[in-house]
Amino acid sequence: MNILVLNVGSSSLKFQLIDTDGAAIAESRDRRIARGQIERIGGEAIITLSAANDRPRTTTEAIRDHASAVEYIVRWLTSAESGVPITTIGEIQAVGHRVVHGGERFNQSTLVDDDVWNALEGLIELAPLHNPHNLRGITAARAVLGPGVPQVAVFDTAFHHTLPESSYIYAIPYQFYRRYKVRRYGFHGTSHRYIAYRYRQLTQRTYDQTKIVTLHLGNGASACAIDGGKSVDTSMGFTPLEGLMMGTRSGDLDPAILDFISAKEGLALRDVEALLNKQSGLLGVSGLTGDMRELLDEAAENEDRRAKLAIDLFCYRVKKYLGSYLAAMNGADAIVFAGGIGENSPSIRERICAGLDWLGIRADQTKNSGLRGGAEGRFDGDGSRLQLWVIPTDEELLIARDTWRVVNGAELP
Ligand code: ADP
């Protein structure tokens, strides 16, 4: 079954076309047919497309809105010059959508019917920065492909539905949970779930035996404590702002700071929150960039003090979360790194693991430095009690597989 996977942001759209079915899932031989992204929707868009393993080609063209973006992609996929082995729109048999917030109701991937659609609209107030765009993607795909093509929503929050109360309740008056569902939800769930699945596959462990800490370190970053195969704690909370320091997000901070900055700078609270989302984290501390690779270069070449400080802070906070999750779970069997930083930066991994030998964590420098650019493998050293892994995440694959399962009534793992 050819499944179009869509990840729609405010002005961008990433997609993959993946061919999968029950047998392909069981044998891990799903086929990636095409991929690409359209950025700066609403203006002169930058379009990057590639079929299978071809080199990506980039063009620019005016793209008005998300529906035009989906239309563009479908036209390209079915065209002769794309090199993609489909020729008609009917060969796209289902669409899997990344939806950031599933609230308390959606604890697994689901077919989007009218009832689900209404529920998703109701969730917009919980995720005003993300869900409206995800819904726009569903509307666009339905308009372009027709109502007969099933649309499946795969939620970032769903994997964390197993969080125990003690990790999802905030220590504020309980009625805010009861009245408004103010609680910790956790995000990046599709990534943490994929990493846990792949770890099981690589180590021949069962679901119940999966006791690990997963670190998804990209522009957005989160940690997850997984015990008995289930998410038992995670660093993002009511929104993706809580937890680790990120590219442009502050992560944890004293909430009293909001009012203080608001008063000092004459900013509305909403503007302070925007500042914590978009101008903080690595960018805010360094004053240079939220891009870790650029910061590492800056620190190495120019010894920039604040670039170094931003990197130190980032690593220190990951280390603290790691320690707290090992305490929460009474240890773990492995730590797994993923995301753009986790997959590509041996030096950041080394700093996070350094000084944790009392916990039985020992990295092997040679193995660590060989893991980058999409490589998968272990880098724990002799005598390490915990395994250390790099597992490149693959949210799109999981979205395609869940879409197949939902459309075919197969059990969701
Ligand atoms: P997103 O969360 O947007 O999907 P990614 O997972 O692609 O982001 O991660 C992007 C981050 O990964 C950026 O900070 C980028 O600098 C960082 N990154 C990518 N390659 C490297 C590298 N070789 N060394 C250090 N950081 C890297």
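The model is predicted, so local features need pLDDT of at least 70, side-chain atom pairs count only at pLDDT 80 or more, and totals for chains, interfaces and linings use all residues. Residues are numbered from 1 along each chain as its sequence is written, and side-chain values use heavy atoms, with hydrogens and water left out.

**Overall fold**

- The protein has 16 helices and 14 strands; these are DSSP runs numbered from the N terminus, with helices being H or I of at least four residues and strands E of at least two.
- Its radius of gyration is 21 Å against the 22 Å that the globule rule gives for 413 residues, so the protein is as compact as a globular protein of that length. The radius is taken over C-alpha atoms, and the rule is 2.2 Å times the number of residues to the power 0.38.
- Along the principal axes, the C-alpha atoms fill a box of roughly 60 × 55 × 50 Å.
- Of the 413 residues, 52% count as buried, meaning under 20% relative accessible area (1.4 Å probe, protein chains only).

**Ligand site**

- The residues around the ligand include Gly 218, Asn 219, Asp 291, Leu 296 and Ser 345; to be near it, a residue needs a heavy atom within 4 Å.
- By type, the shell splits into three nonpolar, seven polar and two charged residues. Here Ala, Val, Leu, Ile, Met, Phe, Trp, Tyr, Cys and Pro count as nonpolar, Asp, Glu, Lys and Arg as charged, and the others, Gly among them, as polar.
- Helices α11 (292–302) and α13 (339–344) each supply at least two shell residues, and α13 gives the most, with four.

**A look at Asn 277**

- Asn 277 is in helix α9 (residues 269–278) and is buried, with a relative accessible area of 12%.
- Leaving out residues up to four places away in sequence, Asn 277 touches Leu 129, Leu 241, Thr 248 and Arg 249, where contact means heavy atoms within 4.5 Å.

Definitions and conventions
Buried means under 20% relative accessible area, exposed over 50%, partly exposed in between (1.4 Å probe, protein chains only).
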